[in-house]
Amino acid sequence: MVWAGIMISGRTRLHVVANGTMTGQRYIDEVLLPHVRLFRGAVGDKFVFMDDNATCHRTLAVQDCLDSEGIQRLVWPAFSRSKAH
């Protein structure tokens, strides 16, 4: 599994998740604090974080971390898909 962040004017390095599964706490320790927090600081108040509905992204600890860092998350519906007509 890998993680990377992108935005109009930059990107993070690719983060390889090795040795086990991604938990909410690992997501905080290995992704949010070292990478996302820096992006938020570079962008400022208009920063909106977009992730998906993976279980590890939706823990209370992750939401508490985002709140404490002042990081606004883009809200996604639980199931989203487009229908071809």
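Predicted model: local features only at pLDDT ≥ 70, side-chain atom pairs only at ≥ 80, totals over all residues.
Residues are numbered from 1 along each chain as its sequence is written, and side-chain values use heavy atoms, with hydrogens and water left out.

View 1. Helices (H or I, at least four residues) and strands (E, at least two) are DSSP runs, numbered from the N terminus. The C-alpha trace spans about 40 × 35 × 25 Å along its principal axes. Of the 85 residues, 31% count as buried; buried means under 20% relative accessible area, exposed over 50%, and partly exposed in between (1.4 Å probe, protein chains only).

**View 2. Asparagine 19 sits in a loop with a positive phi.** Look between strand 4 (15-16) and helix 1 (24-43) to find the loop that holds asparagine 19. Its phi is positive, about 60°, although asparagine 19 is not a glycine. Most residues other than glycine have a negative phi. Asparagine 19 is also exposed, with a relative accessible area of 78%.

**View 3. Leucine 32 belongs to the largest nonpolar core.** Contact means heavy atoms within 4.5 Å. A nonpolar core is a set of buried Ala, Val, Leu, Ile, Met, Phe, Trp, Tyr and Cys residues joined through side-chain atoms within 4.5 Å. Of the 16 residues in the largest such core, Tyr27, Leu32, Val36 and Phe49 touch the most other members. Helix 1 and helix 2 are the elements that give two or more residues to this core, and its largest share, six residues, comes from helix 1.

**View 4. Helix 2 (60-68) has a buried side and a side turned away from it.** Val62, Cys65 and Leu66 are buried in this helix. Seen down the axis of helix 2, its buried residues fall within an arc of 95° (taken from the directions from the helix axis to the C-beta atoms), so they line one face of the helix. Among the elements covering them are helix 1, strand 5 and strand 6 (72-73). The face turned away from the buried side carries the exposed residues Leu60, Asp67 and Ser68. Aspartate 64, also in helix 2, is partly exposed, with a relative accessible area of 43%. After the helix comes glycine 70, whose phi is positive, near 70°.

**View 5. Val48, Met50, Leu74 and Trp76 make a nonpolar surface patch of about 360 Å².** Patches are made of residues with over 30% relative accessible area and no salt bridge, where like charges are joined within 9 Å and nonpolar side chains (Val, Leu, Ile, Met, Phe, Trp, Tyr) within 5 Å. A salt bridge is a side-chain nitrogen of Lys or Arg within 4 Å of a carboxyl oxygen of Asp or Glu. Areas come from the Shrake-Rupley method with a 1.4 Å probe; for residues, only the protein chains shown count as cover. Methionine 50 lies in the loop between strand 5 (48-49) and helix 2, and is exposed, with a relative accessible area of 52%.
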